[in-house]
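Please read the model below with its salt bridges in mind. The paragraphs after it start from these and then turn to the fold, the core and the surface.

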Amino acid sequence: MSAGAAEAVAPDGAAAWAERTPLGAPARGVESDAALHTRLTYLTAFRLVIVTALLGATTYVTLRPEDELGRPLSVLLYGLITFIYVVSLGYLWVLRARRQLRPLAYAQVAGDVLVATFLVYLTGGADSLFVLMYPLAIVNASVLLHRSGAITAAVASAVVFGVLAYVLDRHVVPPAAEYLAQRPLTAARLGFVVIANGSAFVLTAALSTYLTAQLRRTGERLSQRETDF
């Protein structure tokens with residue numbers, strides 16, 4: 001190719017190179033947005049599957065002759081399930097625009113923590129089995145936003161859970177049903193419950209961050225090898 005021809009194609013080549021990383025890989029910002037959009041879509045669909053299972057379990061319990069939940073608590077559970085359905089479908093609709101993905105991801109993390117808190121409140125507070133929903137929210141945050149998401153979710157979960165455990169134990173807020181009322185714990189016991197669960201949330205954030213980082217590096221290496229080939 002002559003020098004004049006090389007100069008003629010240089011601007012186009014420079015423009016193409018500016019939009020790509022070395023070895024022809026997509027630009028980092030474009031790639032991260034596309035990957036975040038994919039993760040948001042899959043996690044929203046996964047949430048719909050989980051809430052459908054919760055709906056099935058709630059329906060099974062409330063339709064039995066001996067309704068163990070009681071009508072007020074059943075109404076609250078159905079209301080929560082309906083809320084999750086509506087919000088999740090709204091997420092999927094907003095995702096079509098592929099805009100403001102990071103704020104939407106943080107909103108999804110906050111929604112997961114709030115839903116976990118409300119579900120824990122409805123099922124017994126600090127003794128609820130649904131405390132496990134907090135680690136699930138932290139793992140989802142790690143998948144969506146990596147370290148920053150996991151830390152945000154872990155801190156928010158620890159604070160919200162601690163406040164919920166305190167206000168329920170001290171009867172500042174009444175339980176969702178009368179049969180869920182329990183004798184107040186000692187200050188030491190309450191502190192132990194809050195600290196133990198908060199520590200579990202932090203450990204979940206650390207472990208999920210490490211695992212997602214390893215998966216991301218593995219994916220990058222595979223993508224690099226594909227590009228080399």
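Two salt bridges turn up when the whole structure is searched; the term stands for a side-chain nitrogen of Lys or Arg within 4 Å of a carboxyl oxygen of Asp or Glu. The model is a predicted one, in which local features need pLDDT of at least 70 and side-chain atom pairs count only at pLDDT 80 or more, while totals for chains, interfaces and linings use all residues. Residues are numbered from 1 along each chain as its sequence is written, and side-chain values use heavy atoms, with hydrogens and water left out.

One of the salt bridges joins Asp112 and Arg47, whose closest N and O atoms are 2.8 Å apart. This pair connects distant parts of the chain, since Asp112 belongs to helix α4 and Arg47 to helix α2, 65 residues apart. Asp112 counts as buried because its relative accessibility is 12%; buried means under 20% relative accessible area, exposed over 50%, and partly exposed in between (1.4 Å probe, protein chains only). Arg47 is likewise buried, at 13% relative accessibility. A salt bridge is also formed by the side chains of Arg170 and Asp169, with 2.1 Å from N to O. Here Arg170 is partly exposed, because its relative accessible area is 33%, whereas Asp169 is buried at 10%.

The fold as a whole consists of six helices and zero strands, where helices (H or I, at least four residues) and strands (E, at least two) are DSSP runs numbered from the N terminus. Along the sequence the pattern is α-α-α-α-α-α. Of the contacts with a separation of 6 or more, 69% are between residues 24 or more positions apart; a contact means heavy atoms within 4.5 Å. Of the 229 residues in the protein, 33% are buried.

What holds the interior? The largest nonpolar core has 42 residues, and Leu40, Leu122, Tyr134 and Leu144 have the most contacts inside it. Such a core is a set of buried Ala, Val, Leu, Ile, Met, Phe, Trp, Tyr and Cys residues joined through side-chain atoms within 4.5 Å. Two or more residues each are given to this core by α2 (28-62), α3 (71-95), α4 (101-122), α5 and α6. The largest share, twelve residues, is that of α5. Leaving out residues up to four places away in sequence, Leu40 touches Leu95, Leu101, Leu104, Ala105, Gln108 and Leu144.

Helix α6 covers residues 187-228, and its 42 residues reach 61 Å from first C-alpha to last, close to the 62 Å expected at 1.5 Å a residue; the expected span is 1.5 Å times one less than the number of residues. Its buried residues include Leu190, Val193, Phe201 and Ala213, and α5 (133-169) is among the elements that cover the buried residues of α6. Asn197, also in α6, is buried because its relative accessibility is 19%. Apart from neighbours within four places in sequence, Asn197 contacts Val131 and Phe161.

On the surface, Ile151, Val155, Val159 and Val163 form a nonpolar patch with about 350 Å² of accessible area together. Patches consist of residues with over 30% relative accessible area and no salt bridge, like charges being joined within 9 Å and nonpolar side chains (Val, Leu, Ile, Met, Phe, Trp, Tyr) within 5 Å. Val155 lies in helix α5. The protein exposes about 14100 Å², 68% of it supplied by carbon and sulfur atoms; accessible areas come from the Shrake-Rupley method with a 1.4 Å probe, and for residues only the protein chains shown count as cover.
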